[in-house]
Amino acid sequence: MADVEGGGPPKARSNGYNNPNQYYVATSESSWTSWLVPMIVVANVAVFIVTMFVNNCPKNNLGFEGKCVAKFLGRLSFQPLKENPLFGPSAATLEKMGGLQWYKVVHGNEAWRLIACIWLHAGVIHVLANMLSLVFIGIRLEQQFGFVRVGIIYLLSGLGGSILSALFLQSHNNISVGASGALFGLLGAMLSELLTNWSIYTNKAAALFTLVIIIAINLAVGILPHVDNFAHIGGFMSGFLLGFVLLFRPQFGWMESRNLPAGGRVKSKYKAYQLVLCVLALALVIVW
C-alpha cells in the first residue's frame, strides 16, 4: 500500500515477504484448487492499467516535474520520475480513482474509498511487489482453506487497514492506496492459524520462528520514510483475529480416527483452547 501526498512522490509500502516453510503433519484433508488469488492478481493488474489509461500523462502532464517516462506506451506512459519514482500515475489520478483520503471519507461521505483504495497501486514497482507477495501468501492459504475464508480475510483485513490508516493520516493531502493491508491480514491469519492448529505441526518452534521473523521484517519496512505502517498494522490485527475464527482445523488424528473402533477414536473434533480462542477473537472482531 502506498501513502501518496498531493504534489509529491508516492510513498509506497513494499513487502519483503518470502514464503515460509510450513511444517505440517500430513492429514486426509482434501486440498482446494486456488482460483480466487489468481483472479485478485488479474483484477489488480487490470485496475492499474485502467488507472494509467485515465492518467494519460502525455495529455495531462504540465512538464513542471519533467517529461513522461516510457512515452512509447502512449497514454499509458508514466509520470515523471521526480513526481512518481514508482513508474505510475499522478496523485490526482489516484484520488480520482478512489484513493483513500480521510477528509473525503469523513466529510464527503465517500466510505467506498475504504474498499476502492485496496485495488489501486502507486506504480509498476508497487503493484508487482504486492502481487508477488499475494501469490506466495495467498495461494497456499486458499489451497488449504478454500476461497470463501481466504476471500473474507483478504477483504476485511484490507478494510481494517484502511480504517486505521484513515484514522491516523488525517491530512487533506495524504492519499493512501494499495493492497498491503489485505496482504498483512493474510500474514496475521497465517500466524493465528499456526497457533490455533498447533497440534498438526511437526516442528512447531521452527514454523513459529520462521513466520514471526517474516512478519517482523515486513512490519519493520513500515518504519522507513515515506511508508505508512498504519494500514499494515490494521490489516495484520484484523487478519490475526479472523484467523482464529475462520482457520481452525480438527485436532491431529481426529479425521483418521473415524475409521477406528469406538474405543480408539479421538473424542473431540476440536481442542478446548481452539474454541476459546475462536470465541474471544470473534468478540474482538465485533468490537474492532
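This note reviews the disulfide and the salt bridges of the structure above.

1. The model is predicted: local features need pLDDT of at least 70, side-chain atom pairs count only at pLDDT 80 or more, and totals for chains, interfaces and linings use all residues. Residues are numbered from 1 along each chain as its sequence is written, and side-chain values use heavy atoms, with hydrogens and water left out.

2. There is one disulfide, the term denoting a pair of cysteine sulfur atoms within 2.5 Å. Cys 57 and Cys 68 form this link, with an S to S distance of 2.0 Å. Cys 57 belongs to helix H2 (residues 57-60), whereas Cys 68 sits in the loop between H2 and helix H3 (91-97). Helices (H or I, at least four residues) are DSSP runs, numbered from the N terminus. The link is left-handed, at -95° about the S-S bond.

3. Both Cys 57 and Cys 68 are buried. Buried means under 20% relative accessible area, exposed over 50%, and partly exposed in between (1.4 Å probe, protein chains only).

4. Three salt bridges are present, each a side-chain nitrogen of Lys or Arg within 4 Å of a carboxyl oxygen of Asp or Glu. One of them pairs Glu 95 with Lys 104 at 3.4 Å, N to O. Glu 95 is partly exposed at 24% relative accessible area, and Lys 104 is partly exposed at 24%.

5. Arg 113 and Glu 110 form a salt bridge at 2.5 Å, N to O. Arg 113 is buried, at 5% relative accessibility.

6. Glu 193 and Arg 249 form a salt bridge, their closest N and O atoms lying 3.8 Å apart. Because Glu 193 is in helix H8 (residues 180-196) and Arg 249 in the loop between helix H10 (230-246) and helix H11 (254-257), the pair ties together parts 56 residues apart in sequence. Glu 193 is buried at 0%, and Arg 249 is buried at 8%.

Terms used
Helix = DSSP H or I, 4+ residues; strand = E, 2+ residues; numbered from the N terminus.
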